Amino acid sequence: MATVTVRTERADATREQILTAAERLFAEHGVFAVSNRQVSEAAGQGNNAAVGYHFGTKTDLVRAIVRKHIERIERIRRRMLAETAGSGEVRDWVACLVRPVTEHLAEMGSPTWFARFGAQVMTDPVLRDIMIDDALSSPALVEILGELKRCLPELPPDVRAERRDMTSHLMAHVCAERERALAEDTPTPRASWHDAATGLIDATVGLWTAPVTAPIMGPGGRTTSRKGSRR
């Protein structure tokens, strides 16, 4: 039994080393610019097949990195969800989208690589779907999006989906730029992750509450647009 326990602990330690090395390399160079062999070497593994042995494909490795962080972010999100219950303010629910991510990044200290890793993943259609699907498997996130819908019932479904997608990209790239600046010790617009989240929340609230331009049919059945307000 003791031998099995030791082997399990070693395997867990190896997996963690691989996850950490892969996250850093993917963040700095892009997912498909990094080979499994490079990840194994960076993780201190003499066996170049270590990534495949512990995780399978590169896509499986990306999914494992995402899930490692999503689990931690989910705990913060559930806490914020309980604190915000019953609010009718768009800003409160946008904060529940933004602050769990920035709080998680702040808790890890510096340097971190997850925000830059996330931005790299968001640029690839296949990997992006993995990240979004895993995020949307979060019951707390689904509930938060439901509360946003309750606060903004007049938003058409296609506009709601569009703005949710915009929010994902905005969060990913703003957090990645701040993370990069911290890693390179260059100035940042905001003094802390908390303050950075405040600025991001301000912008995201504006995105969600912006007026919707209604499409109209022009000559020949072409779609043009007409500015209109939801209010």
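A salt bridge is a side-chain nitrogen of Lys or Arg within 4 Å of a carboxyl oxygen of Asp or Glu. Keep in mind that this model is predicted.

Q: Why is the contact between Arg128 and Asp165 called a salt bridge?
A: The cut-off is within 4 Å. The side chains of Arg128 and Asp165 meet at 1.9 Å, N to O. Arg128 lies in helix 7 and Asp165 in helix 9, so the pair ties together parts 37 residues apart in sequence.

Q: How do you know whether Arg128 is buried or exposed?
A: Buried means under 20% relative accessible area. Arg128 has 17% relative accessibility, so Arg128 counts as buried.

Q: Why is the contact between Glu179 and Arg116 called a salt bridge?
A: Their closest N and O atoms are 2.8 Å apart. The limit is 4 Å, so the pair qualifies. Glu179 sits in helix 9 and Arg116 in helix 6, 63 residues apart.

Q: How do you know whether Glu179 and Arg116 are buried or exposed?
A: Glu179 has a relative accessible area of 2%. Arg116 has 8%. Buried means under 20%, so both labels read buried.

Q: What makes helix 6 mostly covered?
A: Eight of its nine residues are buried. Among them are Phe114, Arg116 and Met122.

Note on methods: Residues numbered from 1 in each chain as written. Predicted model: local features only at pLDDT ≥ 70, side-chain atom pairs only at ≥ 80, totals over all residues. Heavy atoms only, no water. Buried < 20%, exposed > 50% of the residue type's maximum accessible area, 1.4 Å probe, protein only. Helix = DSSP H or I, 4+ residues; strand = E, 2+ residues; numbered from the N terminus.
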